[in-house]
Amino acid sequence: MAATPQNPAAATPRRKVSRHRGEGQWAAGHHTPLNGNEQFKKDDDGLNVRTRIETIYSKRGFDSIDPNDLRGRMRWWGLYTQRKPGIDGGKTAILEPEELDDKYFMLRVRIDGGRLTTRQLRVIGEISQEFARGSADVTDRQNIQLHWIRIEDVPEIWNRLEAVGLSTTEACGDCPRVVIGSPVAGIAEDEIIDGSWAIDEIHERYIGSKEFSNLPRKFKTAISGSPLLDVVHEINDIAFVGVEHPDHGPGFDLWVGGGLSTNPKLGVRLGAWVPLDEVPEVWAGVVGIFRDWGYRRLRTRARLKFLVADWGPEKFRQVLEDDYLKRKLVDGPAPAEPSGRWRDHVGVHRQKDGRFYVGFAPRVGRVDGTTLTKIAEVAEAHGSGRVRTTVEQKMIILDVEEAQVEPLVEALDALDLTAKPSPFRRGTMACTGIEYCKLAIVETKARGSQLIDELERRIPEFDEPLTINLNGCPNACARIQVADIGLKGQLVLNDQGKQVEGYQVHLGGALGLEAGFGRKVRGLKVTAEELPDYVERVLKRFQAEREDGERFAAWASRAGEEALS
């Protein structure tokens, strides 16, 4: 139709008017299920699957499990299907979930604050030996993970864990995960404030409660009053960091919105000081904001960090105060710089009661059931009934009398659990990797252990704090972006043009002092076979070029690409 004075609209095409779909925020009225995960959560709360596991699946076997329970709700009780053996990394993103699934599970034991009695540790070790083919890994969130778990055995495993005060409740899933805490809370000489009470209160009030059992995605919490800043607070959804307020005394500085994965963001300060007795209430307010305002339309945008980035800290604090707490928070100071070069508590340290704690280093968090029971025995033999896990995949034995320190260190050495590790043994972490993880592309645990051996042999004089983090995929479970040397698993081409396992390299990441993400040098990838040669080459350049007192991360940020390749 031609344009005329009577029909001016015909001169231009009519624009389609569409309504914005929103981000799936409940508080904005977007309650319609927006993806498969939101649908199965609406259909039935994840916590309800326990009854079906106990009454149906454990009796009828793996093939009886509903797919939405198998790959969804069972996570609320710490269960993930593990990777079927023999599937190479090139098929990770190609195969359907049912093709990747083995008929066995990873089971995550939730250990809030990393706190264990030797009795609890022994029970985990016994479960590993009896039901998990001896497998056990200490994670970088203070949990212990077991593999090869049969659905038929899960109720008995729960009975044994719960008999000693442990559980797998909300160890995975779109809910509040384990609350990590300083592993030396309440015992360290230099502690600003002990956050243990708050961890216990949060667990007692909210974990396993349907108030927060349907969040947009997982929610990670850190609470520590250590001046070492020992809980990687910058990369948690919420963190309470010990500070001394000039007027109110010791309390916590409040951080929100940290997280890594494929879109990393450091947490931001809200500028608020929180006394110990208000931590659970403030925690619940922040989780409530996430539940109500978090983005649910796209899983890739469903972490709290995206809401914080869009709102900014000022608006986030205002909403928290006005709509959730119904009161103002006290302004407070930022944390001081970390008081030590290492934050893992490895080695021998005096407690405030005059006794000692001894931190030791399993290889990349990999232990086994027999070793866990032996750690419990060694601790008890030297006068301790308390053990801790750390966010660096390390462990600590508490309450050791001075006369027992050296015998304990010797006993740990005999188990290859050294309290005097090299920087490479001390600073290398690895995620689960392709051995068990359905998302992984490459192997990590064995490769990390081999790398430690090679570097100890090749550069025995190296004595600088250094973190080397290996991840089997882009999801950053091993915190590759904030490591001195972060290694993201992927398939790469070798010299013969053949596709092999390898890593994209991130250099110069850090937490604590000058926190930031590592640098990616364009095209810098190494094959798994080349990895020891590459790391040796870069570290020797660092040794040759560093200025007095310069940390690796600072050198890597200023070095030329040639020096880093």
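This is a predicted model: local features need pLDDT of at least 70, side-chain atom pairs count only at pLDDT 80 or more; totals for chains, interfaces and linings use all residues.
**Helix α2**

Helix α2 covers residues 49-60, and its buried residues are Val-49, Arg-50, Ile-53, Tyr-57 and Ser-58. Seen down the axis of α2, these buried residues fall within an arc of 90°, so they line one face of the helix. An α-helix has 3.6 residues a turn, so residues three or four places apart point the same way. The partners against which the buried residues of α2 pack are α3 (67-70), β1 (79-83) and α6 (154-163). On the other side of α2, Lys-59 and Arg-60 are exposed. Gly-61 follows the helix, and its phi is positive, near 95°.

**The second largest pocket**

The second largest pocket holds about 700 Å³ of space. It is lined by 34 residues, of which Arg-341, Arg-343, Thr-467, Asp-484 and Leu-511 are the closest to its centre. The elements that give two or more residues to this lining are α13 (423-427) and α16 (552-558). By type, the lining residues of the second largest pocket divide into 14 nonpolar, 7 polar and 13 charged.

**Salt bridges**

The structure holds 53 salt bridges. The table lists some of them with the distance between nitrogen and oxygen.

| Pair | N to O distance |
|---|---|
| Arg-303 and Asp-237 | 2.9 Å |
| Asp-453 and Arg-363 | 2.8 Å |
| Arg-546 and Glu-464 | 3.2 Å |

Arg-303 forms its salt bridge with Asp-237. This pair links distant parts of the chain, 66 residues apart: Arg-303 is in the loop between α8 (279-293) and α9 (304-311), and Asp-237 is in the loop between β7 (219-224) and β8 (238-245). Arg-303 and Asp-237 are both buried.

A salt bridge also joins the side chains of Asp-453 and Arg-363. Here the two residues are 90 residues apart, with Asp-453 in helix α14 (residues 445-458) and Arg-363 in the loop between β13 (356-360) and β14 (366-368). Asp-453 has a relative accessible area of 36% and is partly exposed.

In a further salt bridge, the side chains of Arg-546 and Glu-464 meet. Arg-546 lies in the loop between α15 (531-545) and α16, while Glu-464 lies in the loop between α14 and β18 (468-471), and the two are 82 residues apart. With a relative accessibility of 24%, Arg-546 counts as partly exposed. Glu-464 has 13%, which is under the 20% limit, and therefore counts as buried.

Some salt bridges join up into a network, which links Glu-454, Arg-457, Arg-458, Asp-533, Glu-536 and Lys-540.

**Positive phi outside glycine**

Lys-326 is a residue other than glycine with a positive phi, near 60°. Its place is in the loop between α10 (313-325) and β11 (330-331). Lys-326 has a relative accessible area of 63% and is exposed.

Gln-393 also has a positive phi, near 65°, and is a residue other than glycine. Gln-393 is found in the loop between β15 (386-389) and β16 (395-400). At 3% relative accessibility, Gln-393 counts as buried, whereas Lys-326 is exposed.

Technical notes
Residues are numbered from 1 along each chain as its sequence is written. Side-chain values use heavy atoms; hydrogens and water are left out. Buried means under 20% relative accessible area, exposed over 50%, partly exposed in between (1.4 Å probe, protein chains only). Helices (H or I, at least four residues) and strands (E, at least two) are DSSP runs, numbered from the N terminus. The arc is that of the directions from the helix axis to the C-beta atoms. Contact means heavy atoms within 4.5 Å. On a 1 Å grid over the protein atoms alone, a cavity is a set of points where a 1.4 Å probe fits but cannot get out, and a pocket is an open set with protein on both sides within 12 Å along at least five of seven lines; lining residues have an atom within 4 Å of a point. Grid points are joined across faces, edges and corners, and a volume is the space filled by probe spheres set on the points. Ala, Val, Leu, Ile, Met, Phe, Trp, Tyr, Cys and Pro count as nonpolar, Asp, Glu, Lys and Arg as charged, and the others, Gly among them, as polar. A salt bridge is a side-chain nitrogen of Lys or Arg within 4 Å of a carboxyl oxygen of Asp or Glu.
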